[in-house]
2 protein chains.
Amino acid sequence: MSHAFEIICLGNELLIGKILNSNAQWLAQNVTSLGGAVQRITTVGDEIEEIATVLREALTRKSAFVLTTGGLGPTFDDKTLDAVALALKKPVELNESALIMVKDKYRHYEQTTHKTIELTPARVKMAHLPKDAVPLSNPVGTAPGVLSESASSTIINLPGVPSEMKAIFEESVAPLIRRFVGSRHMYEKSLEVTEIIESALAPLIDRVMRQHPTVYVKSHPQAAEPVPLIELHLSTHAASHETAKNRVEATAKEISHLILEHGGEIKHLAA
Amino acid sequence: MSHAFEIICLGNELLIGKILNSNAQWLAQNVTSLGGAVQRITTVGDEIEEIATVLREALTRKSAFVLTTGGLGPTFDDKTLDAVALALKKPVELNESALIMVKDKYRHYEQTTHKTIELTPARVKMAHLPKDAVPLSNPVGTAPGVLSESASSTIINLPGVPSEMKAIFEESVAPLIRRFVGSRHMYEKSLEVTEIIESALAPLIDRVMRQHPTVYVKSHPQAAEPVPLIELHLSTHAASHETAKNRVEATAKEISHLILEHGGEIKHLAA
């Protein structure tokens with residue numbers, strides 16, 4: 001059973017750098033803390049063929065989950081569901097449960113705003129899903145999330161508006177991932193290292209990682225050499241929190257010892 | 001001549017959501033403002049095979065430029081250049097110009113810090129480039145950027161430390177892109193729209209875009225429906241600034257008119 005995840009972010013605004021892709025970070029963080037392993041994050045624009053291509057490529061790699069954000073709303077450039085249908089070779093059709101969700105939302109908006117809101121084609125569009133897909137209720141917006149199954153992967157489409165994406169993820173997606181991944185815990189720790197430059201640190205990390213192959217150690221220079229301020233990040237996954245923690249702490253102790261031996265200093269330890 | 005660009009971001013820290021990918025946004029913004037069109041942004045982890053695969057995929061799509069960030073430093077997990085060599089089927093070899101750049105840096109650091117800095121294998125590693133590659137001087141750090149040519153694309157590898165990435169881009173990459181793209185100007189404008197919800201706006205945008213096919217109009221809801229605050233973003237590319245501006249302004253005028261007609265309001269106009 002693979003724990004591999006892919007994230008696909010849709011939107012021309014990301015490709016022109018108009019928007020910082022904080023959705024990708026939020027999803028990556030949340031998937032990781034649930035025990036999943038994000039393998040790839042891809043951003044493409046609002047074109048059906050392009051989105052379908054990226055989806056097909058992801059399905060070829062057989063990740064357990066493919067999560068998308070963006071392109072679920074009522075406008076002409078919200079093309080994600082058409083692309084999913086194309087990639088899965090399924091028709092798009094009116095989904096009765098999704099239609100009830102969308103209708104309920106507009107009824108609620110009518111009550112809040114005291115205006116009549118017609119069920120225009122643009123609005124009904126949000127209830128058109130790939131055949132056999134399941135709508136995921138949107139607690140804070142209109143467009144439901146969508147879940148489809150391919151032979152190898154579960155595809156989940158989330159809106160691009162961060163509050164909507166997060167709400168659907170927390171309500172419908174996190175429980176699913178938790179059940180799928182089962183008991184798998186991540187533990188991480190950071191050390192701030194000074195008085196030793198990255199190129200001197202490199203062979204020490206190498207040595208420690210050979211001795212602790214399950215712990216991943218990575219150095220992040222906080223400034224260009226020769227300013228010696230480097231964040232060392234240690235992380236591992238294990239079946240229990242205890243095991244993961246013990247592994248990381250043992251490795252941290254050893255690398256700290258080596259760093260002190262080589263004239264470096266540990267500035268502060270953040271769990 | 002294609003103006004297509006791809007950006008590839010390397011680093012496990014991005015896949016676990018430890019770091020917000022502001023490098024991708026900065027590169028996308030700068031490539032766009034130079035007249036390039038970013039087609040895809042991909043993030044993968046620090047594995048040679050994985051990076052080489054993503055590079056090969058990008059080369060298949062024949063973008064003019066493939067820009068990478070991350071994985072250029074002295075540590076064992078800085079694997080970008082090995083991956084480029086693998087993707088291009090070239091050996092990695094000591095590059096004399098790169099070695100001079102690296103040596104100069106350490107000589108300078110020695111003078112600044114009054115410490116002896118040995119030229120260890122980890123340090124010399126930064127001067128090992130794919131055969132036929134050209135090092136790009138790093139004005140603020142140690143690892144040079146690297147330029148390689150494939151049959152269809154120019155591959156440029158930049159460091160992941162933002163200050164180093166930006167400095168190399170501005171000094172060596174921007175002039176290259178400017179020469180390649182030639183005269184191509186982008187113009188954009190945003191309108192803040194209230195009192196009309198996105199699903200009511202959708203058919204209006206549709207109408208205006210059919211009349212102005214060269215201008216791209218996209219709605220960004222700032223909050224979930226029914227709160228009616230939507231940013232409308234209009235953009236185009238043209239051979240002159242004047243033409244681009246005129247197109248966008250004419251389209252903005254027309255969509256504003258339609259919005260007012262349908263009971264919406266334009267809150268403020270930002271150029």
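Throughout these views, a residue is called exposed when its relative accessible area is over 50%, buried when under 20%, and partly exposed in between. Please keep in mind that the model is predicted.

**View 1. A salt bridge between A:Asp132 and A:Lys131.** The closest N and O atoms of this pair are 3.7 Å apart. With a relative accessible area of 53%, A:Asp132 is exposed. A:Lys131, at 35%, is partly exposed.

**View 2. B:Arg61 meets B:Glu6.** Here the N to O distance of the salt bridge is 2.6 Å. B:Arg61 sits in the loop between α3 (48–60) and β3 (65–69) of chain B and B:Glu6 in strand β1 (residues 4–10), so the pair ties together parts that are 55 residues apart in sequence. B:Arg61 is partly exposed at 30% relative accessibility, whereas B:Glu6 is buried at 2%. Elsewhere, salt bridges with shared partners link A:Glu6, A:Arg40, A:Arg61 and B:Glu57 into one network.

**View 3. A salt bridge from A:Glu13 to B:Lys218.** The closest N and O atoms lie 2.7 Å apart. Because A:Glu13 belongs to helix α1 (residues 12–15) of chain A and B:Lys218 to strand β10 (residues 216–221) of chain B, the pair joins two chains. Both A:Glu13 and B:Lys218 are buried. Over all chains, the structure holds 25 salt bridges.

**View 4. The largest cavity, with about 180 Å³ of space.** Its lining has 17 residues, and those nearest the centre are A:Asn21, A:Ala24, B:Asn21, B:Ala24 and B:Thr43. The lining divides into 10 nonpolar, seven polar and no charged residues. Its largest share, three residues, comes from α2(A).

Note on methods
Residues numbered from 1 in each chain as written. Chains lettered and ligands numbered in written order. Predicted model: local features only at pLDDT ≥ 70, side-chain atom pairs only at ≥ 80, totals over all residues. Heavy atoms only, no water. 1 Å grid on protein atoms, 1.4 Å probe; cavity = no way out; pocket = protein on both sides within 12 Å on 5 of 7 lines; lining within 4 Å. Points joined across faces, edges and corners; volume = space filled by probe spheres on them. Helix = DSSP H or I, 4+ residues; strand = E, 2+ residues; numbered from the N terminus. Nonpolar A, V, L, I, M, F, W, Y, C, P; charged D, E, K, R; others polar. Salt bridge = Lys/Arg side-chain N within 4 Å of Asp/Glu carboxyl O. Buried < 20%, exposed > 50% of the residue type's maximum accessible area, 1.4 Å probe, protein only.
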